[in-house]
Amino acid sequence: MGELRPASSLDWRAFASLLHEAFRDVPGGRTDRATLAWYCRDVGHALEVLDADADPRAAAPLCASLRPRLAGAVVVLPRPNEGCAWLEVLAVASHARGRGLGHRLLSHAEARAATLGFARLELNVDARNHPALSLYERRGYRRLAESGHGVRYGRELPTPVPTSLPPPRDPPTTAQRFTRKVLFRLLRVGELAPS
Ligand SMILES: CC(C)(COP(=O)(O)OP(=O)(O)OC[C@H]1O[C@@H](n2cnc3c(N)ncnc32)[C@H](O)[C@@H]1OP(=O)(O)O)[C@@H](O)C(=O)NCCC(=O)NCCS
């Protein structure tokens, strides 16, 4: 389902909406305004999104195309001090789950980590989040540490990792950073939840 493409600043509203919907029933999942705004800073920086409306089979009614939806999103950030890349966000919209999108996004995250020059990808997951735990364990991730409900997982990446991803973008310009800052100020996440 859908096209996997790099996100842009235009995706911030759909991205916040996806996160709100995907995490609201996840144990330990946080969907408060401050958390969503924190994740939204990644839009257009290190994020790939699965564009639900790009799928011709999901013929979108007019109102949906005016308010674009995303089927999924993944964010990978470099953590050079820890010698790994970090899976910051992995989310699939609830209507699109169980069809392999989680696997697909995780594959891209691993490819992105390798493109960034890292041989290991790590993440945090809540120990009560069984679908996510199952996904990571099936993909060869191993428990590295536990703290409360939080579990840190990691996986050495096979080399070479096949990738069809475009090369990472240049860092944002001053003008882009300013625009993003203004957008985030305007962000009214409380109004983004799908009705
Ligand atoms: C975790 C998540 C990304 C999986 O996405 P998905 O598109 O449903 O995943 P897939 O269809 O690719 O399935 C991948 C694996 O996840 C596991 N899985 C998916 N749904 C599951 C469920 N309901 N129960 C148990 N395991 C499940 C299985 O191991 C599955 O592998 P398999 O099909 O080879 O057996 C999705 O449930 C989600 O977005 N959850 C909310 C956000 C979240 O928890 N993100 C991760 C935070 S660390």
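## Strand E7 and its partners

In E7, Arg-152 is the bridge partner of Ala-145. The model is predicted. Strand E6 covers residues 142-147 and runs antiparallel to E7, with 5 bridges joining the two. Glu-146 also faces E7, where Val-151 stands opposite. E6 and E7 form a hairpin with 2 residues between them. Gly-148 sits in that turn and has a positive phi of about 60 degrees.

E7 spans residues 150-156 and also pairs with E5. That pairing is antiparallel and runs over 7 bridges. Within it, Leu-121 has Arg-155 of E7 as its bridge partner.

## The sheet

The sheet is open and has 7 strands. Their order is E1-E2-E3-E4-E5-E7-E6, and the pairing is mixed. E1 and E6 are the edge strands, each pairing on one side only. From one strand to the next, the twist averages 25 degrees.

Helix H4 packs on this sheet and touches E1, E2, E3, E4 and E5. The direction of H4 makes about 25 degrees with that of E3.

## Helix H4

H4 runs from residue 101 to residue 115, 15 residues in total. From first C-alpha to last, H4 reaches 21 Å, close to the 21 Å expected at 1.5 Å a residue. After the helix comes Gly-117, with a positive phi near 95 degrees.

Which residues of H4 are buried? They are Leu-101, Gly-102, Leu-105, Leu-106, His-108, Ala-109, Glu-110, Arg-112, Ala-113 and Ala-114. The list includes the charged residues Glu-110 and Arg-112. The buried residues of H4 pack against strands E1 (3-6), E2 (47-51), E3 (70-79), E4 (84-92) and E5 (120-126). They also pack against helix H5 (130-138).

## Arg-112

Arg-112 belongs to helix H4. Why does Arg-112 count as buried? Arg-112 counts as buried because it has 25 C-beta neighbours inside 10 Å, and the cut-off is 20 or more.

Ala-85 lies 27 residues from Arg-112 along the chain. The C-alpha atoms of these two residues are separated by 8.8 Å.

## The ligand shell

How many residues surround the ligand? The shell holds 22 residues. The closest are Arg-97, Gly-102, Pro-131, Ser-134 and Leu-135. Gly-102 is also one of the buried residues of H4.

Helix H1 (12-23), E4, H4, E5 and H5 each supply at least two residues of the shell. H5 gives the largest share, 6 residues. By class, the shell has 12 nonpolar, 7 polar and 3 charged residues.

## The chain overall

The chain has 6 helices and 7 strands. Along the sequence, they follow the pattern β-α-α-β-α-β-β-α-β-α-β-β-α.

Of the 195 residues in the chain, 34% are buried. Contacts between residues at least 6 apart in sequence include 68% that join residues at least 24 apart.

How values were computed. Residues are numbered from 1 along each chain as its sequence is written. This is a predicted model: local features need pLDDT of at least 70, side-chain atom pairs count only at pLDDT 80 or more; totals for chains, interfaces and linings use all residues. Helices (H or I, at least four residues) and strands (E, at least two) are DSSP runs, numbered from the N terminus. The expected span of a helix is 1.5 Å times one less than its number of residues. A residue is buried if 20 or more other C-beta atoms lie within 10 Å of its own, exposed if 12 or fewer, and partly exposed in between; C-beta atoms are placed from the backbone. Two residues are in contact if their C-beta atoms, placed from the backbone, lie within 7 Å. A residue is near a molecule or strand if its C-beta atom, placed from the backbone, lies within 6 Å of it. Two strands pair if DSSP finds at least two bridges between them. Axes are lines fitted to C-alpha atoms, for helices over the stretch in contact, and angles run from 0 to 180 degrees between N-to-C directions.
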